[in-house]
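I opened this structure for the first time today and kept notes as I went. The entries below follow the order in which I looked things up.

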Amino acid sequence: MAENKAKFRLVDFKIEHSHFDINKDNIKEGDTDYSIEMGRQNGINEEKRLFRLGLMVHIKDANNAVNISVEIAGFFEFDSDLDDQAKNNFFMINAPAILFPHVRAYISALTALSGFKPIILPTINFSAHKNKDD
């Protein structure tokens with residue numbers, strides 16, 4: 001039985017940087033209004049058909065009680081027969097959509113295991129964000 005391989009695949013991911021700072025004196029009970037800033041850094045090696053996405057996520061609140069930043073790198077491989085439009089969709093939409101749940105889980109676990117109420121980030125529709133950038 002032949003194995004069906006996806007044309008775009010996550011090979012590996014690593015948390016490359018993590019900063020966690022909680023100022024317990026500024027924490028207000030029930031405050032769950034966090035601002036989330038995201039950035040990305042792409043790299044592609046067409047010859048080896050490898051794509052690297054660096055996703056940077058920064059979370060803070062209005063009281064400066066919470067300051068968390070996480071940088072994750074995802075390493076993907078892709079088939080040689082993908083056209084430019086398909087590659088662009090994989091790089092701009094699928095890759096961050098695949099990596100972001102790992103960041104969400106990491107931040108939830110990090111905050112919960114630190115003795116604080118877990119911070120659970122919302123899901124993100126990367127298709128909607130890509131269309132805004134076009």
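I began with pLDDT, which is the predictor's confidence in each residue, on a scale from 0 to 100. The model is predicted, and I kept to its rules: local features need pLDDT of at least 70, side-chain atom pairs count only at pLDDT 80 or more, and totals for chains, interfaces and linings use all residues. Residues are numbered from 1 along each chain as its sequence is written, and side-chain values use heavy atoms, with hydrogens and water left out.

Confidence. I noted a mean pLDDT of 88 for the chain, with 90% of its residues at 70 or more. I took helices (H or I, at least four residues) and strands (E, at least two) as DSSP runs, numbered from the N terminus. Confidence is highest in strand β4 (residues 66–78), with a mean of 96, and lowest in helix α2 (residues 126–133), with a mean of 66. Where pLDDT is low, the predicted coordinates should not be read in detail.

Strands. I counted two strands as paired if DSSP finds at least two bridges between them. Strand β1 (residues 8–22) pairs with β4 in the antiparallel sense over 13 bridges, and I22 has V66 in β4 as its bridge partner. Strand β3 (residues 50–61) also runs antiparallel to β4, joined to it by eleven bridges, and G54 stands opposite A73 in β4. Between β3 and β4, which form a hairpin, I found four residues, and N64 in the turn has a positive phi of about 60 degrees.

Aromatic rings. Which residues form one aromatic cluster? I found F8, F51, F76, F78, F90 and F91. For pairs, I used rings of Phe, Tyr and Trp (its six-membered ring) with centres within 6.5 Å, calling planes under 30 degrees apart stacked, over 60 edge-to-face and the rest tilted. By this rule the count comes to eight aromatic pairs. The rings of F8 and F91 have centres 6.0 Å apart and planes at 55 degrees, so I recorded the pair as tilted. That pair links F8 in strand β1 with F91 in helix α1, 83 residues apart. F51 and F91 are stacked, at 4.0 Å centre to centre and 10 degrees between the planes. Because F51 lies in strand β3 and F91 in helix α1, this pair ties together parts that are 40 residues apart in sequence.
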